[in-house]
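The sequence and the structure are shown next.

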Amino acid sequence: MSQQHTDHPPTAPEELFHDDVTDAEARELAHRERGTVRPITVVGNPVLHRECRDVTDFGDELLALVDDMFASQRAAEGVGLAANQVGVDLKVFVYDCPDDNDVRHVGVVCNPVIEDLPADKRHLDDSNEGCLSVPGAYMETPRPDYAVVRGQDLHGEPIVVQGSGYFARCLQHETDHLYGRLYIDRLSKRDRKDVLRQMAEATPKFATVPND
């Protein structure tokens, strides 16, 4: 995904939202050092095209999965990664993503739901978007430039995450994954065909799971 600055709508008071900025570097490193890199599933793999199961067990298995996801995200040079992108049928995604002001956001969201925004906050940004599960391809994809995601943290506690610009795009993109939607599903048939052509002509820079 590429960054493009847009005018952002006003937001609610900062204290209402989860702090994913403080100690971002240290938190990401701790997850990544505990984790093991997994290969990335690509478009056509059934796990990417159906809604994932809700996270109900917030125990050690979830913690280990999240560690692996951070390790895999870094290995693939991504800014966000959903569990089904490493073949796991669970509603959880991780992110390590800058916003348009180059502020680094690092976090985990389980069972995410994108909040419906009023019309006055729906300013569309049509920047390029890419996906680790569609490697080597990019296409302009309109999305609101502000997003609010409600979900749970690693311990099952409720959290609300807000993002603007590039980070808003990341939050929406990863939430979509967990409901079986890829960004190419939002494109016209012509643009989707172009993206799949780009992918076919590209060589992934990371390990992927073949669609046998």
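Helices (H or I, at least four residues) and strands (E, at least two) are DSSP runs, numbered from the N terminus. The structure is a predicted model, in which local features need pLDDT of at least 70 and side-chain atom pairs count only at pLDDT 80 or more, while totals for chains, interfaces and linings use all residues. Residues are numbered from 1 along each chain as its sequence is written, and side-chain values use heavy atoms, with hydrogens and water left out.

**Confidence**

The pLDDT (the predictor's confidence in each residue, from 0 to 100) averages 92 over the protein, and 93% of the residues score at least 70. In residues 1-15 the pLDDT is below 50, although this stretch has 38 contacts in the model beyond near neighbours in sequence; contact means heavy atoms within 4.5 Å. Where pLDDT is low, the predicted coordinates should not be read in detail.

**Nonpolar cores**

A nonpolar core is a set of buried Ala, Val, Leu, Ile, Met, Phe, Trp, Tyr and Cys residues joined through side-chain atoms within 4.5 Å. Buried means under 20% relative accessible area, exposed over 50%, and partly exposed in between (1.4 Å probe, protein chains only). The largest core has 22 residues, and Leu62, Leu65, Val66, Met69 and Val92 have the most contacts inside it. At least two residues of this core come from each of α2 (60-75), β3 (92-98) and β4 (104-114), with α2 giving the most, five residues. Beyond its neighbours within four places in sequence, Leu62 is in contact with Val55, Asp57, Val92, Cys110 and Leu154. Another core, of 15 residues, lies apart from it and includes Cys52, Ala82, Ile159 and Leu178.

Asn45 and Lys91 are both placed in loops.

| Residue | Loop | Relative accessible area |
|---|---|---|
| Asn45 | between β1 (40-41) and α2 | 13% |
| Lys91 | between β2 (80-82) and β3 | 4% |

Asn45 is 165 residues from Pro210 in sequence, yet their C-alpha atoms are 8.3 Å apart in space. Leaving aside neighbours within four places in sequence, Asn45 is in contact with Val209 and Asn211. The side chain of Lys91 makes a polar contact with that of Asp54 (3.0 Å); such a contact is a pair of N or O atoms within 3.5 Å, where within protein one must be able to donate a hydrogen and the other to accept it, and residues adjacent in sequence count only if both atoms are side-chain atoms.
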